[in-house]
Amino acid sequence: MTQALYIETTIISYLAARPSRDAIISGHQVATHLWWESYRGRYALFCSTLVVEEAEAGDSDAATRRLAYIEDTPKLAVTDAVKELARIMIDKAVVPRGYPQDALHIAICAVHDIDFLLTWNCRHLANALSRKRIENTVQEQGYRCPIICTPEELMENGYV
């Protein structure tokens, strides 16, 4: 059975961005492109209406490039159950109050039973110090938590 993977906004932003001069960001861009070209076919891809909203923001040329990557990707809805789970994560300080979108991305995956949440948001999502609290809170609410990871973590033998 093919596993379901949610593409969070940072992934399409790295795909659509011009090459960065910053060494770390450049490495993330390379890894993201390699994952996209060589590994995405192994998963059933999803994003959400929230990802579309975030991708549409900012420079119109960049937004057009971002949206092209997810044009044919099924969009998951931000339901009342998603909003409630996100609210609980914020109330329990699992995700900082100022970043409700991060809680929504997690909640979308949990409520829609997605296996992986793919992201470059290592501050609040793909963060070893936050993962256990996120997992515990999602499971306490009766959902299965997605595996929150970066493209590098979903490539065999790394990308070097």
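In helix H3 (residues 49-56), Leu50, Val51, Val52 and Ala55 are buried, meaning under 20% relative accessible area with a 1.4 Å probe and protein chains only, while exposed is over 50% and partly exposed in between. Helices (H or I, at least four residues) and strands (E, at least two) are DSSP runs, numbered from the N terminus. Heads-up: this is a predicted model, where local features need pLDDT of at least 70, side-chain atom pairs count only at pLDDT 80 or more, and totals for chains, interfaces and linings use all residues. Residues are numbered from 1 along each chain as its sequence is written, and side-chain values use heavy atoms, leaving out hydrogens and water.

**Exercise 1.** Find what covers the buried residues of H3.

- Start with the strands: E1 (3-7), E2 (43-48) and E3 (75-76) are among the cover.
- Past the end of H3, check glycine 58: its phi is positive, near 85 degrees.

**Exercise 2.** Describe the aromatic pair of tryptophan 36 and tyrosine 69.

- Recall the cut-offs: rings of Phe, Tyr and Trp (its six-membered ring) pair if their centres lie within 6.5 Å; planes under 30 degrees apart are stacked, over 60 edge-to-face, the rest tilted.
- Searching the whole structure gives five such pairs.
- This one is edge-to-face, at 5.6 Å centre to centre and 85 degrees between the planes.
- Tryptophan 36 sits in helix H2 (residues 23-38) and tyrosine 69 in helix H4 (residues 60-69), 33 residues apart.
- Tryptophan 36 counts as buried because its relative accessibility is 8%; tyrosine 69, at 27%, is partly exposed.

Conventions. Contact = heavy atoms within 4.5 Å.
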